[in-house]
Amino acid sequence: MPRLELNPNFTDPDAFYAALTEAHRERSEAESERINARLILLLANHVGDQGVLEEALTIAAQAAGPAQQQPR
Amino acid sequence: MPTTYNNPVYPYRRPPELDSDEVRHCPVVIVGAGPSGLAAAIDLAQQGIESVVLDDNNTVSVGSRAICFAKRTLEILDRLGCAQPMLDKGVTWQHGRVFFQEREVYDFNLLPEAGHRAPAFINLQQYYFEEYLVDRAEALAERIDLRWLHKVVEVEARPEQTAITVTTQDGDYRLTCDYLLVADGANSRIRDMLGLESRGQVFQDRFLIADVIMKADFPTERWFWFDPPFHPNQSVLLHRQPDNVWRIDFQLGWDADPEEEKKEENIRPRVQAMLGEEVEFDLEWASVYTFRCRKMDDFIHHRVVFMGDAAHQVSPFGARGANGALQSTENLAWKLARILKGQAPEALLATYNTERQLGAAENILNSTRATDFITPKSRVSRLFRDVTLELAEHYPFARRLVNSGRLSLPCRYDGSPLNGPDAEGFPAELRPGSPAKDAPVRLGGKEAWLLNRFGNRFVLLLDGRVDTARAEALAAELGELLARQDDLDLVIVGPAPDALGALPRTTLVEDTQGLVGERYGLTAGGGYLLRPDQHVAARWRELSASAVDDALARALGAHLDTTTDAATQGGRHATA
């Protein structure tokens with residue numbers, strides 16, 4: 001069963017981070033929120049697998065703390 | 001008042017019990033002659049059980065109410081002998097459009113799978129639905145005693161039987177019964193009288209239903225608006241019913257005043273803004289409602305069995321109210337019939353609760369999800385809803401997230417104690433617990449439908465395309481099986497050797513389009529056992545008579561007998 005990838009998987013991590021912050025540059029908070037919501041939906045569909053998505057949701061919903069893979 | 005439909009007025013008849021000192025005992029009394037009560041009475045009658053049906057009114061539904069009847073419901077109605085008038089009167093649609101604010105974001109075509117007798121669904125006003133059920137019940141009058149203007153005012157539920165008091169214009173009378181089936185609606189008075197509860201969620205919202213008659217042509221499509229300019233921040237649904245009547249659902253919000261909103265002078269401008277200034281229409285009927293998603297923890301209380309909205313209630317999105325109700329009544333009817341005929345232990349009844357709790361939970365889940373999409377409960381969920389709709393305009397993936405109500409699909413009783421063995425290599429869609437699938441066949445040289453061969457009794461579906469030697473061995477075994485199992489018929493997919501075709505209570509069908517083989521994954525000598533409600537009980541790659549015996553016993557709950565609480569009466573008379 002596929003698991004959420006928590007080890008580095010980016011082809012170019014620094015470029016991604018720059019692109020992400022660039023997308024939000026000079027945007028209002030409301031606009032930024034919409035960008036983020038669209039991004040989540042686009043990426044979630046790309047991931048597709050419900051188990052992996054739920055794993056990501058669980059980690060994202062946890063308050064700050066070590067990202068632990070949930071036993072399934 | 002509706003102009004396209006006149007509610008029939010059914011006659012009150014003075015009951016014979018008023019002129020007798022004895023309290024009559026009935027096997028089954030049904031409270032409520034709505035969709036559930038009528039369907040249960042018809043189903044029981046077809047399976048040899050008499051019932052008395054009591055309704056405190058003397059007509060069918062006032063107003064269109066439930067209007068969307070799904071394929072499985074139509075298949076159930078076909079088994080009950082009243083699908084044809086519904087299919088003839090109902091309208092089908094395949095094309096829908098979704099709008100967000102000023103724009104159409106996408107359209108869709110449902111393109112239902114071919115090779116089924118029933119369409120994916122029909123739109124039909126509830127009053128027609130009930131009227132055709134009444135017609136069918138009246139045709140079965142020797143087994144259905146349908147009593148209008150008879151109101152149950154007292155219920156005494158005991159472990160062995162139930163006593164009720166009924167009031168009429170000529171006075172009160174009492175009845176006792178083995179089983180009282182309660183289908184008196186969402187605000188069930190019987191449920192209240194017994195101190196029982198249906199629990200769940202009330203949605204803090206109001207909706208206005210308006211049925212309008214269009215004076216000119218309008219396309220037969222389902223239109224759903226999110227946040228339209230003519231009704232900001234709310235949703236609106238438009239779809240077609242027979243008689244050129246269009247149902248419009250306006251979400252109003254919780255603060256709306258129902259009495260004000262129902263007034264024609266307030267409805268007209270809203271509908272006019274939506275249809276456009278040039279469209280002429282008449283207002284037929286309007287109603288304001290709120291809704292709940294809730295169910296009882298146990299649908300059975302001693303020998304009182306709850307059905308329909310009294311047992312389980314859902315929001316209207318996804319049309320799972322009346323559709324779910326019909327699945328419940330058909331689940332109950334065959335079990336009750338066999339318990340009353342002494343062919344099954346009373347413990348079988350408890351599986352009505354276990355199987356239909358699963359169905360009710362599934363229906364509530366689906367309708368709650370649709371409701372949450374249509375009426376987001378927080379700023380962030382509203383944000384996700386809106387960007388989903390925006391993305392849907394350009395990207396197909398997002399259309400799968402748009403939820404304005406999903407098509408009502410029947411429940412599959414996974415994990416039911418009645419399910420028998422499964423085997424490798426069969427389609428997962430027809431695993432034990434699933435409703436059977438239809439397919440076109442040839443029967444006696446004529447076109448026919450497979451599902452019409454199933455139901456009311458157990459059926460063994462056998463792929464009879466075996467060689468002569470195997471056919472003779474099978475015929476010997478199955479001949480004995482049919483001799484000892486009165487409640488079993490055989491349907492053989494041929495061409496099959498003569499030895500099989502000559503068996504008693506056997507129908508030979510030809511799989512002319514190959515769809516039976518494809519949908520059921522059949523191979524020579526394999527087969528399915530179908531319950532009287534057309535759900536799969538078990539299936540085998542190579543079936544044997546003894547395996548069928550075991551699966552039949554299991555489907556009838558023989559193994560449940562000793563597991564029930566024996567405290568009340570001991571042995572087979574303890575249930576619920």
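Visitor: Hi! Which residues does Leu443(B) touch, leaving out those up to four places away in sequence?

Guide: Leu443(B) touches Ala448(B), Thr507(B) and Val509(B). Two residues are in contact if their C-beta atoms, placed from the backbone, lie within 7 Å.

Visitor: How should I read those names and this model?

Guide: Residues are numbered from 1 along each chain as its sequence is written, while chains are lettered from A and ligands numbered from 1 in the order in which they are written. This is a predicted model, where local features need pLDDT of at least 70, side-chain atom pairs count only at pLDDT 80 or more, and totals for chains, interfaces and linings use all residues.

Visitor: Thanks! Where is Leu443(B) placed?

Guide: In strand β21 of chain B, residues 440–443. Helices (H or I, at least four residues) and strands (E, at least two) are DSSP runs, numbered from the N terminus.

Visitor: And why does Leu443(B) count as partly exposed?

Guide: Because Leu443(B) has 16 C-beta neighbours inside 10 Å. A residue is buried if 20 or more other C-beta atoms, placed from the backbone, lie within 10 Å of its own, exposed if 12 or fewer, and partly exposed in between.

Visitor: New topic: what is the order of the strands β11, β17 and β20 in their sheet?

Guide: These 3 strands of chain B form an open sheet in the order β11-β17-β20, with antiparallel pairing. β11 (199–202) and β20 (312–313) of chain B stand at the edges with a single partner strand each, so one side of each has no neighbour in the sheet. Two strands pair if DSSP finds at least two bridges between them.

Visitor: How many bridges link β17(B) and β20(B)?

Guide: Strand β17 (residues 292–295) and β20 of chain B pair over 2 bridges. Lys295(B) stands opposite His312(B) in β20(B).

Visitor: Which helix lies across β11, β17 and β20 of chain B?

Guide: That is α10 (residues 350–374) of chain B, running at about 165 degrees to β17(B). Axes are lines fitted to C-alpha atoms, for helices over the stretch in contact, and angles run from 0 to 180 degrees between N-to-C directions.

Visitor: What about the backbone at Gly494(B) and Pro495(B)?

Guide: A cis peptide bond joins Gly494(B) and Pro495(B), with omega about 5 degrees. Most peptide bonds are trans.

Visitor: Last one: how many helices and strands does chain A have?

Guide: Chain A has 3 helices and 0 strands. Of its 72 residues, 3% count as buried.
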